[in-house]
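Welcome! Let us walk through this structure together, one part at a time.

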Amino acid sequence: MSENRALVAHQFDTAAQQRGAATLGMWIFLATEVLFFGGMLMAYTVYRVTEGEAFAHASRAQNILLGGINTAVLLTSSLTMALAVHAAQGGRRTRSVMMLASTMALGALFLGVKGVEYAEKFAEHLVPGVDFHWAGPDAGGAQIYFILYFLLTGFHALHLAIGIGVIAVLTARAARGRYSAAYSTPVEVAGLYWHFVDIVWIFLYPLIYLIRVYR
Amino acid sequence: MNGESPTGLYVRVAGALYFLLGLTVACAFIDMGPFNIVVALTIAVAKAVLVVLFFMHVRHAGGLTRVVACAGAFWLLFMCVLTLTDFLTRN
């Protein structure tokens, strides 16, 4: 009992109350994150309506296969994160460390593939403001597409990189046996964040890569 | 945490997510005119709901968490609807 009490900060009455406050705090943060990405998605929507043809042309430059692979990678990382949370809640140290490390590895793989895609864009002069060249019509609309592409995927990648950093700390702590059936809130809350970043990509993939690909 | 082991459940949810990913790519190659974006976003919402309910445990969450989770979506909806009522009705 005294061991459990030590895990509850003084402003909380019970461990359950502390856990509930942490979870609610993360959900409120995620609601603000919805609006953070929502503002950019709103801009995307307006220009998709007004510059539809240009967006369809510009999205030809995207590699649907790489984007699809990356989507599968992130979905898998959400699975390993959910399994990591479950293992931490059960106090299974080795399994939680393995699952957290897998989540980090998959996140790093996603960023690596994204880096390859970014390098292609630089090589093909598709980075607005740096060295943008567009041979076809709708050069202005195409540039807006790529500005939104780099904004949306850039901020998504930043969120993912922060997530990897958070999970790195959690992995080290899990390896030292910090989480148990009595206390695993940090892993649960980090899991919520990780799944949110996954959800953002679930929307970005069809919006960015899959515009009129049947033509 | 209701006595059932969620591992199998999580793997099935991931399977459903992979299936929906394949479905959204397949549908993108079919010319449905203005309905391509509707289908793509419907599938994306379905995937997000699966992640929120199962991986983010909203299925077992209390009322307050559910309200906050829905609030984010509603604010986004308000912003999109009100902005588009302007942009789609100009001229």
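This is a predicted model: local features need pLDDT of at least 70, side-chain atom pairs count only at pLDDT 80 or more; totals for chains, interfaces and linings use all residues.

Is Gly165(A) buried or exposed? Gly165(A) is exposed, because 12 other C-beta atoms lie within 10 Å. For these words, C-beta atoms are placed from the backbone, and a residue is buried if 20 or more others lie within 10 Å of its own, exposed if 12 or fewer, and partly exposed in between. You will find Gly165(A) in helix α6 (residues 139-175) of chain A.

Residues are numbered from 1 along each chain as its sequence is written, with chains lettered from A and ligands numbered from 1 in the order in which they are written.

Now step back to look at chain A as a whole. It has seven helices and zero strands; here helices (H or I, at least four residues) and strands (E, at least two) are DSSP runs, numbered from the N terminus. The C-alpha trace of chain A spans about 70 × 30 × 30 Å along its principal axes. Of its 215 residues, 40% count as buried. Among the contacts in chain A with a separation of 6 or more, 78% come from residues 24 or more positions apart; two residues are in contact if their C-beta atoms, placed from the backbone, lie within 7 Å.

What lies inside? The largest nonpolar core has 78 residues, such a core being a set of buried Ala, Val, Leu, Ile, Met, Phe, Trp, Tyr and Cys residues joined through C-beta atoms within 7 Å. Helix α7(A) gives the largest share of this core, 18 residues. Leu192(A) is one of the members that touch the most other members. Leaving aside residues up to four places away in sequence, Leu192(A) touches Met26(A), Trp27(A) and Leu30(A), and also Met56(B) of the other chain.

That last neighbour leads us to the place where the chains meet. Here 36 residues of chain B are in contact with 34 residues of chain A. On the chain B side, α1, α2 and α3 each give two or more residues, and α3(B) has the largest share, with 13. This side divides into 29 nonpolar, five polar and two charged residues, where Ala, Val, Leu, Ile, Met, Phe, Trp, Tyr, Cys and Pro count as nonpolar, Asp, Glu, Lys and Arg as charged, and the others, Gly among them, as polar.

Helix α4 (residues 64-89) of chain A and helix α1 (residues 6-28) of chain B pack at an angle of about 165 degrees, with their axes 10 Å apart. Axes are lines fitted to C-alpha atoms, for helices over the stretch in contact, and angles run from 0 to 180 degrees between N-to-C directions. The pair is therefore roughly antiparallel, a term for angles over 145 degrees. Residues making the contact include Leu75(A) and Leu79(A) on α4(A), and Ala14(B) and Leu17(B) on α1(B).

Finally, visit a loop in chain B. His57(B) lies between α2 (35-55) and α3 (63-87), and its phi is positive, about 60 degrees, although His57(B) is not a glycine. Most residues other than glycine have a negative phi. With 19 C-beta neighbours inside 10 Å, His57(B) counts as partly exposed.

How values were computed: Angles under 35 degrees count as roughly parallel, over 145 as roughly antiparallel, 65 to 115 as roughly perpendicular and the rest as oblique.
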